[in-house]
Amino acid sequence: MSALSAAMSALLGLSLVTTPAAAQGSTVCERGGRSGPRLPLGVTLGEADLGMTPSPCGGRVLSLEGRGTALLELDDFYGAIDAGAVISGSYPLSDRWWLSGAIAPLQFRFVQNASIAATTLGLGATTLGLHAWLVDGARWRVSAYGRLRFPTETGRQYAATVGVEPGVAALWSPSPRVTVAFGASLQGLFTVLGSHTVSRMTAQVTADVGVLLRWFEPVLGAELRVGTDDDGAFEYIAPKLGLRFHPGRRWVIALDAMMPLGGIDRTLARAALGVTRACGAAPPPPPPPPRPRQPDPIPPRRLPAPPSAGTSPPPRGTLGHRRRGGPSAVNPPARSGST
Amino acid sequence: MVARPRLLQLALCSVLLTCVGVEPDGCLSSSDPRCVPPSPCAAIAYTCSSTTALAARMERPEQRLPGLDAIATPGDLMLSNGYVRAFFDAPEHPHHLATSGGSLLDFAPVDGTDHLNQVYQITGILPRDGARYTETQLINEPGLAAVVFRGTLDGFPRSRIVTRYELRACDRGLRVRTELHHGGRELTTWFLADAWFWGDRSMTPFAPGRGEGFRHRALDLVEIDGSWSTFDWMAASSHVGAGDTSYASVACGRSQLEGVHDPTISAAGLPRTVIVPGDGIAFERMIFTGSGNGIADAAALALDAHARMNGGALTELRGRLVDPSGNPIGGSETLASIEVYEPGSTAPDDPATVAPWSQVVPGPDGTFSVRVPAGRSYRLRLHRFGRAHGEAIAVQAVGAVTVLPDIVRPAPSRLTVRVTDAVSMQGVDAELVLIPAEGTADALEGTVHGFFGQGCAPYLGPPHGASPGCNRALARGGSTDFALPPGSYTVYAHAGLHRTLGRGAVTVAEGASASVDITLRDVAVFPTGSLMGDFHVHGGRSFDTALPDRERVLSFMTSGVDVVIATDHDVCTSYDAALRELGLSDRVTVISGSEVTGLVPFLIRPGSTVPRTLGHWNFWPLRHDPTELNDGSPYDERQEPGQLFDRMRSRVGEQGVIQCNHPVAEMKVGRDEGYLRALGYDPRQAFPMSEDGSGAGMVWRRPGGPTRHRNIDWDTQEAMNGAGVVLNLGYRALWFQMLSQGIIRAATANSDSHSLNTETMGYPRNVVLGSFPRTGFDRDAFNAAVRAGQMVGTNGPFIEATVMGMDGSPRGPGVTPFAPGPGAMLNVEVRAAPWVGVTEVRVIVNGTVARTITNTAIQQPIDPYGHEGVLRWRGSIPLSELTGGRDAWVVVEAGMPIPRAADIADEDGYDGYIDHVDGDGDGAIDDTGMLRPAPSDPRYPLDIVAPGSLPFAFTNPFLVDMDGGGWRAPR
C-alpha cells in the first residue's frame, strides 16, 4: 500500500506544482469544464451501484457500463466470473436533492467449483438512491446519500437480497485540473429466504485522485472495506486505477479497475468500461490550459467561503453553481430556465 | 453472518416492498436449526393394507441385512416397512467415500440381499463438497417413519445441509429430500446429487435414453462435461448370480435427473446450478430397490413413479423364452438377459442410437415381464453368454399388457469337467480355465452388457461374481458342470504351484453336452515345513468386488496356499462360515486383516496443490467383530500412515504385521493407491533420508507426535502385486533402492486378487520358510517370520538359497544382517512345477545383476504339462566373488528374463516410473503389460493360469556383513 500512497501523493504533488490552484469563478463541480462526473472511480465490489461512492454533484446524467469481476483461486480449484451491463443515472429533484438509480439489465455469471461449472444469464439487481449536498464551495462539495438495493435479479432459487447503504461523498479540487474524491458508507445486505435471513454488514472508505490533462484524465484511488463476516473483519483494501476520456463536452468514457488485496475477499480484479453522458445544454468550455509560471489569479486565501448553515439555497436546478456566475457542468442553463 | 430476527426481516420487507423471492417449503425458509424437512415426494402415494413403518437404531449385528455388502453396525439407523429395509450409518460411523455418516448404507427388499456400498450426498467432486452430517433424528408417525440427518458441507461449515429419508408403510422405496443452504460469502456452483458408490466389479448402472442404457461415456472427473448426461431415472443391478438386487432413483418435482455413470460411481441429481450466498436448493427423489437378476424390478418401480408424477401411460410386456422343445430357458443372467429398447435412428439395433428402457432376466420357468412406456415400438434382444444372441424381436406396445409369442432359442450347451489326482484318483479342488480354439475367441468374448469387458472368451458368467465367471470355473471336489457357448476349447485345470497343470480338449455343439477328464499330480517344489501365504486377498466384503465367500474360499484351495490374510478394503473379514460349510477349516488358515484404503483425498504434499490419499495398507491380525465399525477395521480417512500405525499397532499387536501395499501404484479415480507415488517420490532421485521438505521426505514424519510412529515404520512392503509386470518392476526398483540406502524392509509378493478374473488367487504368493506344523498353526511365529523376511516371493519358481553363517549353520534370506563364514558360498537351488517357465537365474548384489545363469545351464522339462523336470538349476557361488569382500545385500531371482522396459512419455510425461515394456517380444517397448505368448513359449502355461504374469521369484535379501564389523548399507 505504500506504493499506492506514494503514487497518489506524487500525482497530487505534480498537479499542485503544475496547475493553477483554482479556476476563476467556478465550483468544484464545474472544474474541468467537462460533462459528467469525473470522480469518483466507478468501480467497486457490489451489485448495481451499491457500494459505489457517488459523485456529490448530482445532475442529469446517464451512464451505460459493462463490468466484469474475476475470482480465480487455482489452489482452491475455484473460479468465478461475474459480468454484465449496468445502466445508471441521476436526476435532480431540487437544487439540493437528487435521485440516483442503477439497474443491471444483463448479468452473466460463471462459477467453477473444481470441474463442476455452471452459468446464469439474467437480470441483475437494482438500486435507488436519494442524495443531498451538505457543503458546496469553490473547492469542496460534500453530499450525503442513502441507497436501497432491490432484489430484481433473476438466477436465484428462492432467496431475495435487499440492501441499504447510507453514506457521504465529497469532492475536493485543489486546482482546476486536480480533483480528489472521498467516500464513506455503510452497507447492509439482507438475504431473505423465508424466515431465514442472512445479513452482511460492511463499511468502506474510498479516496480517488484525478488529474485532467485536456481530454484525458488518469485517476488513482483506493478503497478499504471492513465488515462483520465470521471469517474476519478486514474485507480488502484495493488500489484502483481509472482512465477517463473526455471526447466531448457531454461525454466521458471511463475504464476503471480495482484489485482487492489482503483481507478475506478473494476477488482477483474488477473492471468496468462505461460511457456517461450529461443531459441538457452543452457545458461551458474547459478552463484555459495551465500556465505554471504565472501566479494564481485567485490566491487560495481569497477564495469565497463555502456556504454556511443558514445560507439561502440557490435556485432549483443550479445546485448552487450559478450564484457564482458560471453555468454548471452538470446542470446546464436550459435546465435552470425551466424553473 | 448473523441471523437476524424475524422482526427485522418483516420490517425490511414491508419498508422495501421487495420480497420477491420464492417462498420455499421446508427448512430452507426456517432459521430453526432443528427444523424437520417436509415429507418428500408428496405427489406420489402408494396404497396397501399395511400401516407399519419403523425408524429405529440398530442394536444387534443380527439385524444387519444379508449380503456381503451389508455393513451397518449397532448404533446405525434403520427404516423398515413390509417391503424394504434400509440402514444408514450414524454420523460418527462414516464409510467409504463419505466424510461422515448419514449415507444410505444397506438397502434391500425384506427378503432380499444388500448389494449397495453407499449412497451419499454431494455438491461437487471434491470431499469438501460432500455432506458432513453431525446430528440425527428419528421420526415415527402413523404410517411413516423417517430419519433426518443434519450437518454442513464438509469444507464449508457455513453451508447447512439436512436430509430426510422417509419410508411410508406402503412405499417400495425411500423418499428423500435434501435441503442445502449456502451460508458462505462467494458464489458457488452446486451439483446437488446422490453419489452412488458402486466400487467397480459389482453393479452396472443403467439410464434410459437414446444411446444410453448400459452405455455411458467414460468418467473423467477433470473434463466432466464429456461424461455428463440427462435421464428420466437411473437404475443398477448386481451380477452375483444368486440373490441379486436392483436399485433405482427418480426425481420428484422435476422430470429428469442429471449426472454421470461409471462402474465406480454414479451421481444423479439436480442440474449444476450457480448459487448465490444466502440462497438454497432442495432436491427430492425416490430410491427404490427390487429383487432378482437384472434391473427390471427396480426400473419398473422408477418408471411407474416417473409416470405417476410426470404423466404418461405404461405397458407391461410379457413373454416366455423356450428352446425348440418348449423347455424354459431362464433363471440365469448369463443364459438369458433381454434388453428392451426403442429402435435406433440409424439401424434398428445400433447400440449407439437405440433407446434402451429396461433389461430383464427370465425366471427359471422362462417367463418374463417388463414395464415400459405405452404406445411405442420396441425391440427385444436376447443376450446369452455376454453377447447379443439371435435377431431382435419387434413389438408394438399397446394397452396395459402386451403378451408376446414365445421366444424360441436353442438350449444352451453344457460341459462337465472332472479333475482327479493321477495317483489317488480322488477329486481335486481345481480351477478351470477355458481357452477357445485358435481364431474363435473374438466370437466368444462377452461382457455384462458392455461392462467388465476383460477378454472373457468364452464368457461363462459375470467376471467378478460367482463361479463360473469370465472363462473360469471352480471345480469343488474336482467336479463341475456349467453352460457354455458352443465351440472347441482347451480346458486347463490348475490346483497350485505344487501340482501339475492339466488340460483336455473338448468340442461342444449347439445345445449339446460334453465332458472332459483331467488329471493332476503333486510335484515336490516347496520345502517341507514351509507355508505358502497370500497376504493380500479380497472377497465380496470389499467394496470393489462381488465374489461370494464360498467361491473365494474355494479359490484358496485351488491356488494351493496354506495361509490367507483376508484384507478386504476397510473391513475386517472372517471366512469362518464358508470354511465350515465347505469343510476346509483344517486345510487353509485364514487370518483376518484389513486393507486400509484411503478414499478421501486430504494431504497436499509440498509442490502440489492436489489433495491426496496416502495409499493402501494391510494390517493383520485383526479381530473380526461385527459389533464394531467395519467389523473391526477402524475409520481410517485423513490420516497419515504414521497415525494409522499408532492406532493399528495396538490392534494387531507387536507380533502383527503392517504392510505397505503396491507402494508406487498409480492414482485411480482421483485416489492414490501407492503411498510413495502419492508423495511424489521420483525413482530417479535418491530416496530421501530425512524429512527434507520434499514430498517423499514426508515418509520420515511422525504425524502423531515425537514419540509416535514415523510414516515409514511399516514392517513389509510389496515387491510383487498381481501379474502386472510394469508396476511390479516399479515396486522392485523401490525396494532395491531402499535396501541400498539401508532402509530395510521385508518384501512380499501377493495376488491382490479381487475375483476369479481379476488377479488369480495366490499368484504371486509368499513361501514362508521354516518348520511350521500343519496342525496347531502358530500365528505369531508365522507373522514373526514374515516380518523377519524369511520368505521367497513367487508366482511359480521356488528358490532355495542359503549362505553359511559364521556359526556354521546355513542362513536363509531375511532382514537381519549376519556375518558369513569364511569362504562362504551362496548356495542356490531353483525348482518349479514343469508348467512354470524358468530360463534365467539372477543374483542381484546391491541393486546390480552380479551373475546371470541363462537357459543353457538351466534344465527344462520335456513336457510342461507332465510331472517331471522340477529341478531347474543348482549351484554355488563364492560370496566374496559377488560382493568383492564388502558388505552387501544379495537377492536371488529366478524365472524368465525381465523384458526391456522404459519410462515412455505418456500423460504423466517422463516421471521416472516404468510405464511400458516389450510385452510381445518384438523388440519395441510399446506395451503396457505382457501379452499372451504363443503356446510354444515357456511363459504360456503360467499366462493361462495368471494372465499377464512373467514367471518370477525372488528371495528376501541376504544382508551379508562381510567384515564382521556390522552391516553397512552400500550407499
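This is a predicted model: local features need pLDDT of at least 70, side-chain atom pairs count only at pLDDT 80 or more; totals for chains, interfaces and linings use all residues.
Residues are numbered from 1 along each chain as its sequence is written, chains are lettered from A and ligands numbered from 1 in the order in which they are written, and side-chain values use heavy atoms, with hydrogens and water left out.

B:Asp69 sits in the loop between β2 (53-57) and β3 (77-81) of chain B. Helices (H or I, at least four residues) and strands (E, at least two) are DSSP runs, numbered from the N terminus. Neighbours within four places in sequence aside, the contacts of B:Asp69 include B:Asp106, B:Asp114, B:His115, B:Gly540 and B:Arg541. Contact means heavy atoms within 4.5 Å.

B:Ser574 belongs to the loop between β38 (563-566) and α4 of chain B. Not counting residues up to four places away in sequence, B:Ser574 touches B:Asp549, B:Ser592 and B:His624. A polar atom of the B:Ser574 side chain lies 3.1 Å from the backbone nitrogen of B:Asp576.

Side chains of opposite charge can pair when their charged atoms come close. Over all chains, the whole structure holds 74 salt bridges. One of these pairs is in chain A, where A:Asp82 and A:Arg109 meet at 3.1 Å, N to O. That pair links distant parts of the chain, with A:Asp82 in strand β2 (residues 78-92) and A:Arg109 in strand β3 (residues 97-113), 27 residues apart. A:Asp82 and A:Arg109 are both buried.

In chain B, B:Glu166 and B:Arg164 form a salt bridge with the closest N and O atoms 2.8 Å apart, and both residues are buried. Another salt bridge joins B:Arg587 to B:Asp429, at 3.8 Å between the closest N and O atoms. This pair also links distant parts of the chain: B:Arg587 is in the loop between α4 (576-582) and β39 (589-592), B:Asp429 is in the loop between β30 (413-421) and β31 (430-436), and 158 residues separate them. B:Arg587 counts as partly exposed because its relative accessible area is 44%. B:Asp429 has 6% relative accessibility and therefore counts as buried.

Further along chain B is helix α5 (residues 641-652), whose buried residues include B:Leu644, B:Phe645, B:Met648 and B:Val652. Among the elements that cover the buried residues of α5(B) are β40 (594-597), β41 (616-620) and α8 (779-787) of chain B. Just after α5(B), B:Gly653 has a positive phi of about 85 degrees.

Chain A has two helices and 13 strands. Of its 339 residues, 56% are buried. Among contacts in chain A with a separation of 6 or more, 61% are between residues 24 or more positions apart.

Where the chains meet, 47 residues of chain A are in contact with 52 residues of chain B. About 4400 Å² is buried between them, 57% of it from carbon and sulfur atoms. Buried area is the accessible area (1.4 Å probe) that two parts lose on being put together, summed over both. Seven salt bridges are counted between chain A and chain B. A:Asp265 forms a salt bridge with B:Arg185, with 3.2 Å between the closest N and O atoms. On the side of chain A that touches chain B, the elements giving two or more residues include β2, β3, β4 (116-122) and β9 (196-211) of chain A. β9(A) gives the most, with six residues.

Definitions and conventions:
A salt bridge is a side-chain nitrogen of Lys or Arg within 4 Å of a carboxyl oxygen of Asp or Glu. Buried means under 20% relative accessible area, exposed over 50%, partly exposed in between (1.4 Å probe, protein chains only). A polar contact is a pair of N or O atoms within 3.5 Å; within protein, one must be able to donate a hydrogen and the other to accept it, and residues adjacent in sequence count only if both atoms are side-chain atoms.
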